[in-house]
Amino acid sequence: MDIQKKRNKQGKQFFEYYFINRNYHSIPDEFLEKNFFYENEVVKYTKNLEKKINNLSSKIEPNWAIPILIYATEKIYYDVSRKKDFKEYGPAIKQSIPLIWTNNFKPHGEQKNYKLLGDIISLNILLFKVRNAQALILNDNDKEAKVGFSVDKDGNVIYSESTYEYMHNNYMLPSVSKYGKDQRTNKSSTKLMKNLLAYYNNVYNVLQGIEPRTIDFFKGTVLYYFKGISDQNYKNFWQELYARLTVLILLTSYSSTDNDKPIIYIFPTLYILNKEKTLFNQETFNNLIWTNSHMNNEKMFDHNAIVNRPILRIENSSETYYATSFGLLIDNINHFIEASVFKIQSIPNIKNLKDEKNSPFVTQFSEKFEEDTIHLFLKYTKMAGNVNNKGIWNYSNEYVNLKQYNTDNFPGEIDCLAEFSNSKEIYLVECKVMNDAYTEKNYKSTLQQIQKFRMKLSKKENWIKSVFKEYQVYPILLLDKSIFIKKENSKDNIMLMSYDDLEEKLKEIY
């Protein structure tokens, strides 16, 4: 297809221009050499920066720019042959896509200019850096500490030495991992993707009525623990998964005849729909595509939007065309499973699977995290176990009714209670499996959620203190992965820790 070859050629040219030849662009002086200590300062700055980015985005021709940005995304995230790592620029590239794409639905410029596209990316890089730094101010309530950050003359986000030290002493810092490794279902996805055709065929078998737990291919993966199609909600999940795999299979076979394998796939809608009509309908296909109705102001600056829906309309003509890439489709499939298990976002046709009794989230992640935490304590004391909703503490096949010591206001189940009798210490642990926050709104919601967990744990702490009156009680809110958040709160005694932090702490003490 001529348009596919043309857009792939342009994508390669831009990637060499901007990344390989390092034609990074200057940032207007109005956004440089700025200091931030308060939320209102950052909000005003980011709004002005967003306004500038929107202004530039409206000047570029979106149908020309979108495939080029998809090409760059594919090369940055999924090209394992690249020696130079450009992943630090990835979120800004992905953040540029929705901003430019939405201009399809309003008056926009016709410029097809690599420099202009580079300017948009450079400003988005700055915006992404500032938003990450903004988290420091959003969840800090110690104004006397005067924590903050600055943007220097080159557009770098800088922390002062005192702020940097304060941050490392008082905050839980996210661990750095390779792209995709943060997904809790990553191990399952990697195994499944090793044989794409078998993956596709076995999902099809589930849709024919075969139960997932009878399929050997799914053993050792999270899909083994999903229900079959007798449950309508799970049937919708399998149909959505099948649709994604169908698109991936068809597009790769569609382009397999090309001598020069494309990075960007460009195709007409009817090609997909005519190939697979039995279990793949227009509605399911639409759930993979960006539409004007599903994009809102928040999603316009969401760098994860391209992962949630990996197919974009790029040509307004009598015959509509769509663009995507192999890496984006795989990423979307993996993210779709993760989002379904952990309720990361609202998914069309699929209600909340996370909180169902015996759901994959509960059995394979939440309960497993609690079990792992108990086993960690059992390395140092035999008196470690959970407390059920009747107040029975189960440790090392011993059962103790804690309510016999205090029958008033029992606060509910305790994930892990560990006693160190020699030192008269009790660890009271609440285990939480958390989702990443990709937007400012999600991040604020996470902070509110953490605060609610702290309040509930404080009630359990008070009750445990009434039972173990001669003990020092250490309440711990334990997260399965690190997020950027202040570890301590002046209103309570709770320690906020990751599993790795706890493991290291126990090794040091015992």
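Author: Let's begin with a definition: a crossing is left-handed if the near helix is turned anticlockwise from the far one by less than a right angle, and right-handed if clockwise. The crossing of α3 and α4 is left-handed. Keep in mind that this is a predicted model, where local features need pLDDT of at least 70, side-chain atom pairs count only at pLDDT 80 or more, and totals for chains, interfaces and linings use all residues. Residues are numbered from 1 along each chain as its sequence is written, and side-chain values use heavy atoms, leaving out hydrogens and water.

Reader: Why are α3 and α4 called roughly antiparallel?

Author: Angles under 35 degrees count as roughly parallel, over 145 as roughly antiparallel, 65 to 115 as roughly perpendicular and the rest as oblique. Helix α3 (residues 62–78) and helix α4 (residues 90–101) pack at about 160 degrees, with axes 9 Å apart, so they are roughly antiparallel.

Reader: Which residues of α3 and α4 meet?

Author: Contact means heavy atoms within 4.5 Å. Among them are L69 and I76 in α3, and I97 and W101 in α4.

Reader: What makes strand β12 mostly covered?

Author: Buried means under 20% relative accessible area, exposed over 50%, partly exposed in between (1.4 Å probe, protein chains only). In β12 (residues 425–432), 7 of its 8 residues are buried.

Reader: How do you know that β11 and β12 pair?

Author: Pairing takes at least two bridges found by DSSP. β11 (residues 414–420) and β12 have 5, in the antiparallel sense; C416, for one, has V429 as its bridge partner.

Definitions and conventions: Helix = DSSP H or I, 4+ residues; strand = E, 2+ residues; numbered from the N terminus. Axes fitted to C-alpha atoms, helices over the stretch in contact; angles between N-to-C directions.
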